[in-house]
Amino acid sequence: MAVAKNFFVGSNVLLHVITALVLSVASVSAQQAIVTPILTSAENFRDVAGISASYGGTGFANMTSNFGVMRTGVFYRSNVLNLNDADWTTLSSLRIWRDIDLRTPSEISATPDRTPAGALYTNINIFGTSSPPTVNLSTITTASVLSLGQSGYQTFVTDPTEREGFRTVLLTLAHDPGPDLFHCSAGKDRTGWTAVLLESIARVSPTTVMNDYLASNSYLASQISAETASVVAAVPALSGLNLTPLLGVDSSYLQAALDQAVASYGSMYGYLVQGLGLSLEDIYVLRGKMVNYLMLPGQNMLSGNAASGAGFLNALQGSSLSGNYTAYNYYLQSSVDMGTLGGVPGQVGGQIHADAASYLLRQPRWIEEAVSPYVGGQGLAEGQARYWLSGLGGGFWTQGQSGISRVAERSAGTVAGVTYRGSERASLDLGLGYNAGVVESAGATANINTLFATLGGRYGFSSLEAGPYVLARADGGYVDYRVNRALAGNLGSASGQTTGSVFGGLIGFGDVVRLAPVTITPQAGLRLAAETLAGFSENGGDLALDVHGLSHLSSSLLLDLHLRLDPRQAGSWTISPELTLGYERALDDPQIQSTATRYGSAVSQKSAYDSRDLAKAGLSLTAQRDAFVVTAKANGVLGDGSGSAGVSGQLTLGYSF
């Protein structure tokens, strides 16, 4: 046993290792290439998602934790938008929603933005002063430049005005439909810290965050070179001094801010929540905008309807539900954090609709059981009729299988009808009835009410009481379907309603054999059943579905054996017991599939019921006094495959005249 246990544990570990390797390869192949245009008049313009290969990046969108990949075209960063005509046209083609200018009034006055066509302009002054801090070039040293830069970055964390500025920037980005662009003068400090915050929220690796930050030195290389020459010309004493830390960026600056966030708030997350006052929902919205997860937590381990539901949840990352203040986005991002999707994958796809269709296809069997005691015409004189009222109620259950939730069904209804014996050999019956059904599966409840009519007949080649016979039956009903689906993960519920129809047909033959004191009646037949439910749209939460119409046809082979004891006198009543044994073989796939969509993403679900073979048994007791007849019956059914079983009880009253 220990060997077997170790083998399975090792196999499970190996499976996770293989999955991780596959996902790593898939992550690389799914990364979007960085195709952000290079602007000659805004040299530090780039996509927050990643750095082009020519400037020290991979040329692809950055990967994040949990097999996420940054989305391109969501947020852009830049230096001042002092654009020439060609660059303005190029930038306008990106359909920027908002241009967020992080500069002070004096900087804006000196070099106003040339805002891209159609973009909103918003100024968020990070420093909160009329002008940015200045540096006395005549006294600078390498050490003083580094110290000045480090202390300046620390104020991004410690200064309340600057924190409020960054908070406003992030909330603006969270609420805008995007894409958005943010910038300062050189696009390296205020802009660089904003980009670092976004990449931290996206959970890009610290190494990549630092590399992207330092890329400003590559993007601004020409500008840094030109400004260095200008500074040295003005202050010759600075000749030979490395001015890149002054005119560009240095890793120690960013590290100083990161260390300060830990010192002041315990972590970058603490800085975002406590220092900037962002809610977890704000953080999740920003992350949803920026990151697409190739595989959701545990998705690769699911099967059946749950796997389909998880795939559906994954696909919805491409919809407007993701990256917005929606219950779906909060659920998805929190699931990534917790490492589990909970029970939602098994509920989100609407398995209940497939189960409801499966239930309707078995309605004709319910009708046959309800009318069976009095439809043959036996015991009636030629030209005599019997009016009857039959009530039937019961339950049917199907155990869940891999990735498919179990289903429970309950039915209760009444059929009123008349049977007329037109001759020694023939009888005809007609009934009208109502059945109230409840189907429960995957956290959902469907109420299925059916108003139906049934018409049948029987013909005996010698008589109805003995010898061979043939029979036929046709049913048709109107269906009212109402469903409510409760979803886990604080996703609320979805409800909807539609109408439909159900039809059934039965042809068969049998033989009434008298072997006193028992009458044996073997019977074989073929049943056809059809259901339709019109397509409809659910109402409710983010994951309410547009359910496609359902239409299915099934056929079954029936074999039954009836064993009836001769009536015994009990006072003024005659009592007769009967045992019924049956077998039903589905000639088609018994499992039903439903399909629904949301925001263009489709999800399919299969019914829990998947029994091709059914064994049936029933025991009834009929009591008759003059023209009045009462029949009580108990029925049981057992299916193979998915583990289906059901019981029902029946009471029928009849009166002949």
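Is Asn66 buried, partly exposed or exposed, and at what relative accessibility? I began with this one, keeping in mind that the model is predicted. Asn66 comes out at 36% relative accessibility, so I put it down as partly exposed.

**Entry 1: positive phi.** I looked up Asn66 for its backbone: phi is near 60°, a positive value in a residue that is not glycine. I found Asn66 in the loop between β2 (63-64) and β3 (68-70). Phe67 sits in the loop between β2 and β3, and its phi is also positive, about 60°, although Phe67 is no glycine. I noted a relative accessible area of 26% for Phe67, which makes it partly exposed.

**Entry 2: cis peptide bonds.** I turned to omega next. Gly178 and Pro179 are joined by a cis peptide bond with omega of about 0°; Pro179 has its place in the loop between α5 (160-175) and β7 (180-183). I also logged the bond from Ala516 to Pro517, which is cis with omega near 5°. Pro517 lies in the loop between β14 (493-515) and β15 (518-533).

**Entry 3: second largest pocket.** I read off about 950 Å³ of space for this pocket. It is lined by 29 residues, and Pro133, Val135, Lys188, Asp189 and Leu246 are the closest to its centre. Two or more lining residues come from each of α4 (142-158), α9 (221-234) and α10 (244-247), with α4 giving the largest share, seven residues. Sorted by class, I have 16 nonpolar, seven polar and six charged residues in the lining.

**Entry 4: domains.** I wrote down domain 1 (46-128 + 137-290) and domain 2 (346-656). Their centres, taken over C-alpha atoms, are 69 Å apart.

Technical notes
Residues are numbered from 1 along each chain as its sequence is written. This is a predicted model: local features need pLDDT of at least 70, side-chain atom pairs count only at pLDDT 80 or more; totals for chains, interfaces and linings use all residues. Side-chain values use heavy atoms; hydrogens and water are left out. On a 1 Å grid over the protein atoms alone, a cavity is a set of points where a 1.4 Å probe fits but cannot get out, and a pocket is an open set with protein on both sides within 12 Å along at least five of seven lines; lining residues have an atom within 4 Å of a point. Grid points are joined across faces, edges and corners, and a volume is the space filled by probe spheres set on the points. Helices (H or I, at least four residues) and strands (E, at least two) are DSSP runs, numbered from the N terminus. Ala, Val, Leu, Ile, Met, Phe, Trp, Tyr, Cys and Pro count as nonpolar, Asp, Glu, Lys and Arg as charged, and the others, Gly among them, as polar. Domain bounds come from an automatic or database domain assignment. Buried means under 20% relative accessible area, exposed over 50%, partly exposed in between (1.4 Å probe, protein chains only).
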